[in-house]
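Subject: Structure handover

Hello,

Please find the structure below. My notes on it come after.

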Amino acid sequence: MDYKERISYLTDLLNKYNKAYYIDNNPIVSDVEYDTLYKELEQLEKDYPEFIQNNSPTKAVGAKETLSKTINHEIPMYSLDNSYSMEDIEEFYERLYKMFGKDIELTVECKMDGAALSVTYDNGRLLQVVTRGDGKSGEDITNTAYISNLPKEISYKGKLILRGEVFMPKEVFKELNRKRGEMGQSLFANPRNAAAGSLKLLDFKQAQSRMLEMFVYNLAYCDENISTHEEALNFCREIGLPVNNIFFKCSNLNMVENALSEIENMRFSLPYDIDGAVIKVNNIDMQRQAGFTAKFPRWAIAYKYKAQQVSTILEDVIFQVGRTGAVTPVAVLHPVLISGSTVSRASLHNEDEIKRLNIMIGDTVFIEKGGEIIPKVVSVQQSLRSDNAKEIIMPSNCPICNSPLEVIESDAKRRCVNPKCPALIQGSIIHFASRDAMDIKGLGEKVVEELFNAHLINNYADIYELKAEHLEDREGWGKVSAENLIEAVNESKNIPFERVLFALGLRHVGIIAARLLAEHFKSMDRLMNATINDLENVKGIGKETAVSILKSLKDENMNQIITRLKDYGLQMEYVQSNTGASLQGKSFLITGTLDKPRKYYEELILANGGSLLSGVSKNLDFLIAGEKAGSKLDKANKLGVKVISQDEFLSMI
Ligand SMILES: [Zn+2]
């Protein structure tokens, strides 16, 4: 056999298959066939490395064996000072004006809402891709980052160090979340998270499918004689690097203001997310002269746009029943375009929120879409209320099963307590299979609904009675997907006891309580025999929780289900593990908005042995700062408390 020819043939063929699969969304071979050819190529490349093609599809997959390592940035990566008003920009400009004694040429560009990376080329080849990290050192992700518009080779042969922002286009994000929803996987909160989460994927095919893109925004090192930022970007563009075309050159503050509002106006029609604009001194010599403060360059500043609010009409309020039986009012809105997508539903949280907003059906309301996927109603234009406005009446019966709702004053919620309510049962199955519980891949909301309606599962114990033959002939299913689900179900039998306990969905038993109970009682049998005193003795379990747990465990139906789960071979004994102590002895405080509720992060901190402080002091080890962090951040900076981002925090665990 001519090995060189075979390698070249396989390389082209697999690349073609990849394109069909990932780009055209139209696979032309089965996975098995692809994998067989792929393995053949891998073996041939190992035996005849001299014939490996530059564009080999196996190249980045080698990363599977190499863990990413931290490396120092040759040139530190700075972050920008943020501003939220034109006054801040005026101050920024005035400082520069004083320094140079004349008007200064500034540039205005989009501030991409993604992740900053440093990219090095030498001798025409892409050498290294490194995350920003703390600015001094970052993670080497050369082998895992797949950025679709970043060329592996360029015509320019000199050394280049570039700074760019990697992002996921909105369309790709929407499609990714749609697919994840179908698979029962957790959704990404926004394209920025999705992009950050896609940079370190070890599976090359998966990484490729994320369709990340980059815009170069700075040339940190180059041997060419370049005197302005504009020239630097044009140079990058000419040698084939991706640069955003939205660019303004401004010779005075007025022009800057116009550029900022022009970018703001196009913000939601752009195919990618931006969260503001960046203003820079154009002249590079002047940039050098202006220099840096302790933290930021003096020659650049970020201008952040406010979250968008849009007004619309509240047409109706419907009531949804969650897995705990809690009934949530949902606003039905006259469809309106916000942050680039059409919105027709918004959360109203609970009865108290309805009172607080003083909201009625028919009102004109302002809605806002922050970092969350679901928008919220922020205010009501009382002056526009018509005589026909109707009061919102909370239901007294469950909208699904019609049984009377229990009113719980403490959390302003009404709850369906009928254990046979289909909404509760489906919700409990979805919870059981969810990632933090039994992590059964492929058993998401839609599949649970389908199997429940088909009476294939009437409770979560029934999941373990499912057989591939029940599923494979159903519409939308096949042999492979049916077998995959059954395999995922079987794999869940290895999930540790504390998560099984959490998966049961007992009221008041969240991840933390489940772990405390598992650690204390060590086995399901001992927990089942616990008295109210035993339960109250568990550190971290209050009286209300103890009573509620006891009540749930004595329930005959629950008893039967637990017995069945035991028989199916689920883990019912606690196994001590050493993980979960990575934050031992460290104290934390959270400020600003993170991607998930603060409670989630607080539980993570406690679950990993860390402690929570209520205020910023010298005793605080870490301040986790999210968006819109305010005075706590300032204080932490003053006291020299280490400030970390949510991602940095997650990497500590
Ligand atoms: Zn109900």
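The notes below go through the domains, the sheets and a salt bridge.

This is a predicted model, in which local features need pLDDT of at least 70 and side-chain atom pairs count only at pLDDT 80 or more, while totals for chains, interfaces and linings use all residues. Residues are numbered from 1 along each chain as its sequence is written, and side-chain values use heavy atoms, with hydrogens and water left out.

Domains

The domain assignment lists domain 1 (3-57), domain 2 (82-304), domain 3 (309-384), domain 4 (422-567) and domain 5 (587-652). Such bounds come from an automatic or database domain assignment.

The centres of domain 2 and domain 4, taken over C-alpha atoms, lie 45 Å apart. Where the two meet, four residues of domain 2 are in contact with seven residues of domain 4 (contact means heavy atoms within 4.5 Å). About 390 Å² is buried between domain 2 and domain 4, and carbon and sulfur atoms give 49% of that area. Buried area here is the accessible area (1.4 Å probe) that two parts lose on being put together, summed over both.

Helices (H or I, at least four residues) and strands (E, at least two) are DSSP runs, numbered from the N terminus. Two strands pair if DSSP finds at least two bridges between them.

Six bridges hold the antiparallel pair of β4 (residues 115-122) and β5. Asp122 has Arg125 in β5 as its bridge partner, and Leu117 stands opposite Thr131 in β5. The hairpin of β4 and β5 has two residues between the strands, and Asn123 there takes a positive phi near 55°.

The five-stranded sheet

A second open sheet has the order β2-β11-β10-β3-β9, with mixed pairing. Here β2 (82-83) and β9 (247-250) are the edge strands, each pairing on one side only. β2 runs parallel to β11 (residues 300-304), joined by two bridges, and Asn82 stands opposite Ala302 in β11.

Helix α7 packs on this sheet, touching β3 (106-112), β9 and β10 (274-281), and its direction makes about 155° with that of β9. Helix α8 (residues 253-266) packs on the sheet as well, touching β3, β9, β10 and β11, at about 165° to the direction of β9.

Over the whole structure, the search finds 21 salt bridges. One of them joins Lys111 and Asp275, with the closest N and O atoms 3.6 Å apart. This pair links distant parts of the chain, since Lys111 is in strand β3 and Asp275 in strand β10, 164 residues apart.

Strands around β13

β12 (residues 309-321) and β13 (residues 326-338) pair in the antiparallel sense over seven bridges, with Asp316 opposite Val332 in β13. The two form a hairpin with four residues between them, and Gly325 in the turn has a positive phi of about 90°. β13 is also joined by six bridges to the antiparallel strand β14 (residues 341-347), where Leu337 stands opposite Thr342. A further antiparallel pairing, over two bridges, is that of β13 with β18 (residues 413-416); Ala326 stands opposite Arg415 in β18.

Regards

Definitions and conventions
Axes are lines fitted to C-alpha atoms, for helices over the stretch in contact, and angles run from 0 to 180 degrees between N-to-C directions. A salt bridge is a side-chain nitrogen of Lys or Arg within 4 Å of a carboxyl oxygen of Asp or Glu.
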